[in-house]
Amino acid sequence: MTDLTVCIPARNEMFLKNTIEDIVAHIEMDTEVVAILDGYWPEPPISDHPRVHLVHHATSVGKRAGVNEAVNLSCAKYVMKCDGHCSFDQGFDRKLIEPYEKGELSPDTTTIPRMYNLHVFDWKCCKCGNRTYQGGKPQKCEACSSTGDFEMFMVWRLRKHKRTDFARFDHDLHFQYWRDYEKRPESKGDLADVMCFVGACFFMPRERYLEIEGLDEKHGSWGQMGVEISCKSWLSGGRMVVNKRTWFTHLFRTQPGFGFPYPNPGIKARPYSQDMWRNNKWPKQQRPLKWLLDKFRPVPEWTDEEVRKLDSSERLRMPRMRSDEIPTGDIAGAVASGETKHAPSKGMVYYTDNRLDREIFRAVQMQLRRACNGHKIVSVSLKPIEFGYNWTLDLERGYLTMFNQILLGLTNLDADVAFLVEHDVLYHPSHFEFTPPRKDRYYYNENTYKVDAESGQALFYYCKQTSGLCAFRETLVEHYRKRIAKVEREGFSRRMGFEPGKSVRRGGVDDVPAERWMSPFPNIDIRHKHNLTSSRWRQDQFRNQKYCQGWKPCDEVPGWGRTKGRFSEILKGVANV
């Protein structure tokens, strides 16, 4: 088995030879190229190379069919489709494969390399030497007005100022660039979720491509390829990211006399695509289109009314699905009257400012790995860490940063229910056994003991804190988007507080109520010199005594044993079990 097969559907490609030679020159893994010569022989011809395989069709089979054929011929672990007019970063294959092999990306993830525009050539005037940027052959030289000969002058270089990381589709399911998305916290990190892409290049495990049934040739030869792969990736229960650690370049041909090598797909591809995804008709679909719009909300040009119409169509489709196929928390109707009908999936958002004693850092992470019961952990840090699926934000420590970290983690968590977990809390496994009974509530585990890291002194009192928060992910995403917007607009205030659940009238963000629950065994909130919030060890430090009900200083924590005078031993034991 080779590592990667690069699949190139090619028809009337002027620069296929350049593309293949560029790929071969920049690979670092066991990578091969399979090019489908779709109804033509390339000129100039492709040089013989042991890593390059050519398949010729006398009559064109179409771009989609060409990609599917190349994947079927592959025996590689991973496949990548690219157009026949692209160039690549050094080691692009290694940089695309590594996140999967290291566990940063799950096998159901599609990857899009960062894209730049490719400057392939200029037209050079044979009389005065003036050069005109690539496109259709000029009729007249702009410098000397000559109408004589022009020759193609090869450039073949990346245009650094023409970069694309994020894209979307509009209400007609038409691809659109989305540069404003880079302002969102969810866009940060080397591996960031992306809603859609242009279709020129994508990468995934070969088994995943076969699982999602490749490219649907009922669309026609081409058109809507980016939308199709995007919807299949997300709505099958998977994910799609842009990998900013590597890049490819793409030649865009949209000028008169310099257009697409394949015939225009006409009116077939987009209506077929609209009917498929707006009406949730794909048989392997686990999420509705509305789920994707909610994940990336707000999406320009998608009005609330349009999204509501999608919501209505989803409910009409529900009776046609078996009950055990209904993806909990994703499709409208899976939650009725605010109560869950099926066991939802769970995950954790772990956030850290990277300012923590190494002993505590390690103990908390080791305990989380044991306590999470196999549920997905997404970590968001200010410096890279090897824990869960990690994203980093290049921001200074602070309240707004913390809120942005939480939102970034939530938007990258593929689960119905989210537990917010902090880097300085020891979580008991019983904490994650809880399942929120309602979607329209925030739930706080108030069975938490505070323990001083130096002395081991323990203290209990009832309190709702973010480290004990659990709720449906969609509810939390909505809250933190509003919270961040409010803080950016008005600044943070103690009246607003840190915890969701305070009504707007009392200075909060929304009117979703909060409820208390108690796990069978408590968590330990470690108080140390780098806590973002201050510690209070006396009741008279509270201006309102209602916030310290159940006050009980103690030397030990139920289920954990004696902490006073031996807390360092507990941390070492937890870290080394």
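## Helices α10 and α11

Helix α10 (residues 399-411) packs against helix α11 (residues 473-490) at an angle of about 150°, and their axes are 9 Å apart. That angle makes α10 roughly antiparallel to α11, since anything over 145 degrees falls in that class. The crossing itself is left-handed. Keep in mind that this is a predicted model.

Who touches whom? On the α10 side you'll find L400, F403, N404, I406, L407, L410 and T411, and they meet R473, L476, V477, Y480, R481, R483, I484, V487 and E488 of α11. Sorted by class, this contact has ten nonpolar, two polar and four charged residues.

## Helices α9 and α12

Another helix pair to look at is α9 (residues 358-371) with α12 (residues 567-576): their axes come within 8 Å and cross at roughly 50°. The two helices are therefore oblique to each other. Here, too, the crossing is left-handed.

From α9, the contact uses E359, I360, R362, A363, M366, Q367 and R370, while α12 brings in S568, L571, K572, V574, A575 and N576.

## Salt bridges across the chain

Searching the whole structure turns up 40 salt bridges. One of them pairs the side chains of K63 and D83, at 3.2 Å from N to O. K63 sits in helix α2 (residues 63-73) and D83 in the loop between β4 (78-82) and β5 (86-88), so this bridge ties together parts that are 20 residues apart in sequence. K63 counts as buried because its relative accessibility is 12%, and D83 counts as buried at 5%.

D353 and R397 also join through their side chains, with an N to O distance of 2.3 Å. D353 lies in the loop between β16 (346-351) and α9, and R397 in the loop between β18 (389-392) and α10, so the pair links parts that are 44 residues apart in sequence.

## A strand pair and a network

D525 and K450 form a salt bridge too, their closest N and O atoms being 3.2 Å apart. D525 belongs to strand β26 (residues 523-527) and K450 to strand β22 (residues 448-452), so the bridge connects parts that are 75 residues apart in sequence. Both D525 and K450 are buried.

Finally, some bridges share partners: R114, R163, D165 and E182 are joined this way into one network.

Definitions and conventions. Residues numbered from 1 in each chain as written. Predicted model: local features only at pLDDT ≥ 70, side-chain atom pairs only at ≥ 80, totals over all residues. Heavy atoms only, no water. Axes fitted to C-alpha atoms, helices over the stretch in contact; angles between N-to-C directions. Helix = DSSP H or I, 4+ residues; strand = E, 2+ residues; numbered from the N terminus. Parallel < 35°, antiparallel > 145°, perpendicular 65-115°, else oblique. Left-handed = near helix turned anticlockwise from the far one by under 90°. Contact = heavy atoms within 4.5 Å. Nonpolar A, V, L, I, M, F, W, Y, C, P; charged D, E, K, R; others polar. Salt bridge = Lys/Arg side-chain N within 4 Å of Asp/Glu carboxyl O. Buried < 20%, exposed > 50% of the residue type's maximum accessible area, 1.4 Å probe, protein only.
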